[in-house]
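Hi,

Have a look at it first, then read on.

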Amino acid sequence: MTTNLDTDRWIRRFHPGAGRAPRLVCFPHAGGSAGFYRRLSELLHPRVEVLAVQYPGRLERRDEPLFTEIAPLADAIAGVLEPSWGTPPAFFGHSMGAVVAYETARRLGARTGAGPVALFASGRRAPSTVRDGERLHLAGDGELVAEIVRQGGTPPELLADPEMRALVLPALRGDYRAIETYRHGPGPRITAPVTVLVGTGDAKVTAREARAWEGHTDGTTEVLSFDGGHFFLAEQPERIAAVIRSRLLPTTAGRPTAAGGPTATGEPTATGGPTAPRGD
C-alpha cells in the first residue's frame, strides 16, 4: 500500500509492498535506527510492507533534539501515522521499541477508534512490570558501552572508535533514560492480539514478565521463545519473518497460512493463550 509516509523524516520504507500488502510499522530498540529492520523488510517483501520508524537524534536526524521520555515520543509518532492510518497496519517493536509501539497503539486507538491489527512485542517485558535498580542511563560511558557489547546488539569495533562512540552514545543514553524512567499509566487496553517474542537466553525478560502482556490487550496473547539472547531477532530474522507472515497473511480459507510458520521453541496454545518461554 503506497502512502506519503516514505517522504516523511520519521519513516523509512526499504521495499515497497505489492498491491494491497499489509503494512508492518517497526519500532527500533534503544540506540537503534530504522536500518535495523532492513533485513526483515527484505525477507517480508513484497507480501508485507515494512515501514521502519526513525527516531530523532541518530544518523541523518542526529542534529534533532532527542526524546528522553516514552510518552512524548509515542505522541509524536502517533501524530505522524494518524493522517495516513486508513487500513490500520500491524506494529512490531523490539526491546524499548515494543513499549513505544504499545504506547503509540494506545494513542491511535483513542484518536481513531482503531488501533493496529496486531502487535509483535519482541525482547521486552510487559509495560506494567517494573524492575528496580535500572539506572544505566546514569552510568559512565565505559559502563554503558560494556553493557551494550554484552548484549550483542552492536559490533564492539564500532564502539571502540572514539568518533563513532561520540555519535552513538548520546542517542543511546537518551533512549535508556526514556525506557528506564518509563512507568505504565492508566488508560484503555489495546484491542490487537499480541505476539510476544523472547530469547531463551535473554535475562531482560522472564517467563512471568512475558506472560504479563496479556493484561494489556483485549485480544489474545501468545508467547513464542527462540534460541538466543536479547538480540535473537538479528540472529534468526528468517524465523521472525515466518511468524509475522503466518499472523498477517490469510489463506483462501480465511485462516492464517501455515506455510513458513515459526520454528521457535515455544508455540501458542490452541486456545490462543500464552506458553512460557524457557527461563525464570
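Let me start with glutamate 103, which is buried, at a relative accessible area of 6%. One thing to keep in mind throughout: this is a predicted model.

What does glutamate 103 pair with? Its side chain meets that of arginine 107 in a salt bridge, at 2.8 Å from N to O. Both residues belong to helix 3, and because they are four residues apart there, about one helical turn separates them. Arginine 107 is buried too, with a relative accessible area of 18%; the cut-off for buried is under 20%.

Aspartate 75 is partly exposed, with a relative accessible area of 35%.

Away from that group, aspartate 141 and arginine 173 also meet through their side chains in a salt bridge, at 2.6 Å from N to O. Aspartate 141 lies in helix 4 (residues 141-151) and arginine 173 in helix 6 (residues 162-180), so this pair ties together parts that are 32 residues apart in sequence. Aspartate 141 counts as partly exposed at 40% relative accessibility, and arginine 173 counts as partly exposed at 22%.

How many salt bridges does a search of the whole structure find? The count is 15, so please take the ones above as examples, since side chains of opposite charge can pair when their charged atoms come close.

**Aromatic rings**

On to the rings. A search of the whole structure finds nine aromatic pairs. One of them is tryptophan 10 with phenylalanine 67, a tilted pair at 6.1 Å centre to centre with 55° between the planes. Why tilted? The angle of 55° falls between the cut-offs, because under 30 degrees would count as stacked and over 60 as edge-to-face.

Where do these two sit in the chain? Tryptophan 10 is in the segment before strand 1 (11-12), and phenylalanine 67 is in the loop between strand 3 (49-53) and helix 2 (70-81), so the pair links distant parts of the chain, 57 residues apart. Tryptophan 10 is buried at a relative accessible area of 6%, whereas phenylalanine 67 is partly exposed at 23%.

The ring of tryptophan 10 has a charged neighbour too: the charged end of arginine 61 sits over it, 4.3 Å from the ring centre.

Another pair is tyrosine 37 with phenylalanine 92, and this one is edge-to-face, with 5.9 Å centre to centre and 80° between the planes. Tyrosine 37 lies in the loop between strand 2 (23-27) and helix 1 (38-44), and phenylalanine 92 lies in strand 4 (residues 90-94), so the pair ties together parts that are 55 residues apart in sequence.

**Backbone details**

Finally, a few spots to look at along the backbone. The peptide bond from histidine 45 to proline 46 is cis, with omega near 0°. Proline 46 is placed in the loop between helix 1 and strand 3.

Which residues other than glycine have a positive phi? Leucine 59 is one of them, with a phi of about 50°. Leucine 59 is in the loop between strand 3 and helix 2, and counts as partly exposed at 48% relative accessibility.

Serine 95 also has a positive phi, near 55°. Serine 95 lies in the loop between strand 4 and helix 3, and counts as buried at 11% relative accessibility.

Cheers

How values were computed: Residues numbered from 1 in each chain as written. Predicted model: local features only at pLDDT ≥ 70, side-chain atom pairs only at ≥ 80, totals over all residues. Heavy atoms only, no water. Phe/Tyr/Trp six-rings, centres within 6.5 Å; stacked < 30°, edge-to-face > 60°. Helix = DSSP H or I, 4+ residues; strand = E, 2+ residues; numbered from the N terminus. Buried < 20%, exposed > 50% of the residue type's maximum accessible area, 1.4 Å probe, protein only. Lys NZ or Arg CZ within 6 Å of the ring centre and 35° of its normal. Salt bridge = Lys/Arg side-chain N within 4 Å of Asp/Glu carboxyl O.
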